[in-house]
Amino acid sequence: MTASTVASTTVRQEPDWSFRAEGVTKIYNGTLRANDGITLRVDPGEVYGLLGPNGAGKSTLVKQVIGLLKPTSGQIRLGPFDLVADPGAARQLCSYLPQAPMPIESFRVREAIELTGRIRGGDAATVRRRTTELIEGLEIGEWADVIGQRLSGGIRRLAGFAMVTVWPGRVVILDEPTNDVDPLRRRLLWDQVRFLGQQGCAVFLVTHNVMEAEKSVDRLAVIDAGRLIAAGTPSSLKSADRGHLRLQVMLAPGAPTPPLPPWVRDHVRSGHNLVAAIGEADAAQGIRWAVHLIERGTAEEYALGAATLEDVYIRLTGDVLEDRNQAG
Amino acid sequence: MAITAIRPTGEVRSGAAEWARAFRAMIRWNLLSLRLWLALIASVQVLAGAGFVLGIALFFDHIPASAALYVTTGVPVINLILVGLVLGPQLVADQKIQHSYEFLRTLPVPQTAVAAAWYTVCLISGIPGVLISLLIAEARYQITLAPSPQIVPAILLTAFTGTMMGYAIGHAVPSPMTTRLITQLLIFAMFGFTPILFPVGQLPGWLGTVNWWLPFGHMATIVRAGLTTGMVTGVATSYLVVAVWGAASAVLAAWAMGRRR
């Protein structure tokens, strides 16, 4: 093959639109490492979860992607673009739903979505059609002509989601998109996130809700204290826990952590919650132990179940979340 | 329902057409953001203008013709910079308090288009107040003004510098509380201690010197030059001072808006 044929083949190829972060480090005030050498790659069409406890550095990472913050060192690239060197390109190629409420007090929901779509570069007709589809898809038609000031937090959150996805960038960054959103509409929102993936967007989902992430992401990274401590598909991350069960014991208020039997492989305590990893063969003695704790008044109730992504997360970060209990 | 396919683009837009599109969109964004307050802003503009024009006369038994002329030709400056210099930074401070500031900074629009859109909104919001103030003054004091085409650049530059100073205060001052204090101080200083509504000779010498370096008296000079004949001198210098303040503020605002921590 001659040099000229190589060149012409290269020109016709669709460029590689993967997102690559390499060694991204953000240090505040010379000492606080909010991000520490984070390297990850997200391909077009992937929904990628960024999980971690509050203050882990998830939002710091995505703010460097969108150009609100500048990495102390490291590279952030999207396709042929260097997003650190060219924040203008980052703003055009990435859509960003921040955690904070959208400034739409005096906007009608439909207006806010359409205008953001136009600002994002969409043509009027497509933006109008997409707006209608999002309003119907998220079931917020009742509020389409209501101004932001009169909306509940959840509806306003959904309006914000529609604003940033009506004309999405190659990368869509969603920082805790389901905060305040009711369970029914959370499912509708995940459908829309899936749709974005099908259309070729790389979606970053920043969350501390492990249960939701497990259901909706293709791959995920766990970030703790600024470092990426694990990455992979939900099942690959759970593979280390295969054959394990989770025994969750709600301790009585004020009760100390009871002595653990030798067959407990791993445990973590947060508040009244004691979560222990046990082997499948130890299920029966696990139940007997938990019942014994309840009879002695050390514990109030227990639950035994299959290991989840949350157990992996707990093992990695030592952080027990309350969402699981709320979700029932 | 057929679902609209979206193919995220890999194209980064630029050029004059893109700038104009962003400019129009941001004018609409500003107008919608202010929708609930537009009527209030318009009323404040008219009341502020009319209030000064009519109120100053209450200080005198018979207001001297020269004082009436100074007030009449100074009030337009207040109308032109009130929204940009006072309301503008307070709106930015509110965005910072409500944490929406970061979202607005991530909108994919050239920052110059964002600034130009805000300038346009401030300018348009000032002009009705200017006209009504002048009409009231002419009726109240039987003054005959002699507007010349020079009034156009005077209005455009005064509003520009006021808006850019407000923009710089809003974006470059990190603390919203400090921003609010600065704007309060500005209102107080502007009305009492700058030669907008009265001749600079009425100020103590040192304060006159300080004001020579500030833009407010010069704004009044260039507006007066456009509304009257032979009332003011040193107009070219005044244009220069106002333009330098406008340009310096625009550069400071651009730096603050483009800054990544």
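Trainee: In this predicted model, is the crossing of α3(B) and α9(B) left-handed or right-handed?
Mentor: The axes of helix α3 (residues 65–97) and helix α9 (residues 216–227) of chain B come within 9 Å. They cross at roughly 120°. The handedness of the crossing of α3(B) and α9(B) is right-handed.

Trainee: Are α3(B) and α9(B) oblique or roughly parallel to each other?
Mentor: Their axes cross at roughly 120°. Angles under 35 degrees count as roughly parallel, over 145 as roughly antiparallel and 65 to 115 as roughly perpendicular, the rest being oblique. α3(B) and α9(B) are therefore oblique.

Trainee: How do the residues of the contact of α3(B) with α9(B) divide into nonpolar, polar and charged?
Mentor: On α3(B) the contact has B:T73, B:G74, B:P76 and B:V77, and these meet B:M219, B:A220, B:V223, B:R224 and B:L227 of α9(B). The residues of this contact divide into 6 nonpolar, 2 polar and 1 charged.

Trainee: Are α6(B) and α10(B) oblique or roughly parallel to each other?
Mentor: Helix α6 (residues 151–172) and helix α10 (residues 235–258) of chain B have axes that come within 8 Å and cross at roughly 30°. The crossing is left-handed. Angles under 35 degrees count as roughly parallel. α6(B) and α10(B) are therefore roughly parallel.

Trainee: How do the residues of the contact of α6(B) with α10(B) divide?
Mentor: From α6(B) the contact includes B:F160, B:M164 and B:Y167. From α10(B) it includes B:W245, B:G246 and B:L252. The division is 16 nonpolar, 5 polar and no charged.

Trainee: Which element gives the most to the side of chain B that touches chain A?
Mentor: The contact sets 31 residues of chain B against 37 residues of chain A. In chain B, α1 (16–33) and α4 (101–105) each supply at least two residues of the touching side. With 5 residues, the element that gives the most is α1(B).

Trainee: How do the residues of the side of chain B that touches chain A divide?
Mentor: That side belongs to a contact in which chain B has 31 residues. Its residues divide into 15 nonpolar, 8 polar and 8 charged.

Trainee: Which elements give two or more residues to the side of domain 1 of chain A that touches domain 2 of chain A?
Mentor: Chain A is divided into domain 1 (19–232) and domain 2 (237–327), with C-alpha centres 33 Å apart. Their contact takes 13 residues from domain 1 of chain A and 12 residues from domain 2 of chain A. On the domain 1 side, 7 residues are nonpolar, 4 polar and 2 charged. The elements giving two or more residues there are α8 (210–216), β9 (219–224) and β10 (227–232) of chain A.

Trainee: Which strands stand at the edges of the 6-strand open sheet of chain A, and why is one side of each left without a neighbour?
Mentor: The strand order is β6-β7-β8-β3-β9-β10 (chain A), with mixed pairing. Each edge strand has a single partner strand, so one side of each is left without a neighbour in the sheet; these strands are β6 (94–97) and β10 of chain A.

Trainee: What is the bridge partner of A:Y48 in β9(A)?
Mentor: Strand β3 (residues 47–51) of chain A runs parallel to β9(A), and 4 bridges join the two. The partner of A:Y48 in β9(A) is A:R219.

Trainee: At about what angle does the direction of helix α11 of chain A lie to that of β9(A)?
Mentor: Helix α2 (residues 58–66) of chain A lies across β3, β6, β7, β8 and β9 of chain A, at about 150° to β7(A). Helix α11 (residues 309–317) of chain A packs on the sheet too, touching β3, β9 and β10 of chain A. Its direction makes an angle with that of β9(A) of about 30°.

Trainee: Which residue in the turn of the hairpin of β4(A) and β5(A) has a positive phi?
Mentor: Strands β4(A) and β5 (residues 81–82) of chain A run antiparallel, joined by 2 bridges. A:L78 has A:F81 as its bridge partner in β5(A). The hairpin has 2 residues between the strands, and the one with a positive phi of about 55° is A:G79.

Notes
Residues numbered from 1 in each chain as written. Chains lettered and ligands numbered in written order. Predicted model: local features only at pLDDT ≥ 70, side-chain atom pairs only at ≥ 80, totals over all residues. Contact = placed C-beta atoms within 7 Å. Nonpolar A, V, L, I, M, F, W, Y, C, P; charged D, E, K, R; others polar. Domains from an automatic or database assignment. Pairing = 2+ DSSP bridges. Axes fitted to C-alpha atoms, helices over the stretch in contact; angles between N-to-C directions. Left-handed = near helix turned anticlockwise from the far one by under 90°.
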